Amino acid sequence: MREGEVTVDGFERTFQTNHLAPFLLTALLFPLLDRNGSRVVNVSSYAHEFATLAGSGKRGLDVNNLNGEAEYSGLGWPAYCRSKLENILFTQEMQRQADAAGMDWLTVVALHPGRVATDIWRTTYFGIDSRGQRSQETGGRSIQSFVSNAFYDNVLPVEEGANTQVMLAASGEPRGVSAK
């Protein structure tokens, strides 16, 4: 991802794709949810642990940097981390508001799908996309190729990457799963 890419809507691309889009989809579909029992499943990432306040390095969500206006670096990694923390906070707040409103029919969960060999890695040091192709951004340097191969030997293939999301969305009441 190029530095600080802004969409035609005026938002930083990762923020819009990873957080605003699921937020809007949830809002648009909410009236259609089954009042006899529904779940909202948000995909987050363990990467949320690396979200930091601009310029300080302290962990947390910097509400003055949601769009990357105060700080944007690392080929989008900080933006990705922020977006995943935003998903968790949205999930927790939606469940809190549903509970306060007596909407016991609604369960809202967020999940970390595990390390999956998706295209997110294409602009990192690992530099191979989900099709196993060396990315143009990183080239084919030998040490990097070694690291890439070692990394991809220890991640879930894309075909398995959605298993947790599908289970949470489609199965009966999952045991021990709750945003409460």
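Ser83 sits in helix H2, which spans residues 77-100. This is a predicted model. Ser83 is buried, at a relative accessible area of 0%. The structure holds three salt bridges, and a nonpolar patch on the surface is formed by Leu25, Leu29 and Leu32.

- The side chain of Ser83 reaches the backbone oxygen of Tyr80 at 2.8 Å.
- Leaving aside neighbours within four places in sequence, Ser83 is in contact with Thr14, Asn18 and His19.
- Thr26 lies in helix H1. Its relative accessible area is 13%, and the cut-off for buried is under 20%, so Thr26 counts as buried.
- The side chain of Thr26 reaches the backbone oxygen of Pro22 at 2.8 Å.
- Beyond its neighbours within four places in sequence, Thr26 is in contact with Val40, Asn42, Phe90 and Met94.

**Strands**

- Strands S1 (residues 38-43) and S2 run parallel, joined by six bridges.
- Asn42 stands opposite Ala110 in S2. Asn42 is also one of the contacts of Thr26.
- Strand S2 covers residues 106-111. It is mostly covered, with five of its six residues buried.
- In a regular strand, side chains alternate between the two faces of the sheet.

**Nonpolar surface patch**

- Leu25, Leu29 and Leu32 together have about 320 Å² of accessible area.
- Leu32 is placed in the loop between helix H1 (13-29) and S1.
- Leu32 has a relative accessible area of 68%. Exposed means over 50%, so Leu32 is exposed.

**Salt bridges**

- Glu5 and Arg13 meet through their side chains in a salt bridge, at 3.6 Å from N to O. Arg13 is partly exposed, with 28% relative accessibility.
- Arg59 and Glu49 meet in a salt bridge at 3.4 Å, N to O. Both residues lie in the loop between S1 and H2, so the pair ties together parts that are 10 residues apart in sequence.
- Arg59 is exposed at 59% relative accessibility. Glu49 is partly exposed, with a relative accessible area of 29%.
- Arg96 forms a salt bridge with Glu93, and their closest N and O atoms are 2.6 Å apart. Both lie in helix H2, three residues apart, about one turn of the helix.
- Arg96 counts as partly exposed at 47% relative accessibility. Glu93 counts as partly exposed at 31%.

Conventions
Residues are numbered from 1 along each chain as its sequence is written. This is a predicted model: local features need pLDDT of at least 70, side-chain atom pairs count only at pLDDT 80 or more; totals for chains, interfaces and linings use all residues. Side-chain values use heavy atoms; hydrogens and water are left out. Helices (H or I, at least four residues) and strands (E, at least two) are DSSP runs, numbered from the N terminus. Buried means under 20% relative accessible area, exposed over 50%, partly exposed in between (1.4 Å probe, protein chains only). A polar contact is a pair of N or O atoms within 3.5 Å; within protein, one must be able to donate a hydrogen and the other to accept it, and residues adjacent in sequence count only if both atoms are side-chain atoms. Contact means heavy atoms within 4.5 Å. Two strands pair if DSSP finds at least two bridges between them. Patches are made of residues with over 30% relative accessible area and no salt bridge: like charges are joined within 9 Å, nonpolar side chains (Val, Leu, Ile, Met, Phe, Trp, Tyr) within 5 Å. Accessible areas come from the Shrake-Rupley method with a 1.4 Å probe; for residues, only the protein chains shown count as cover. A salt bridge is a side-chain nitrogen of Lys or Arg within 4 Å of a carboxyl oxygen of Asp or Glu.
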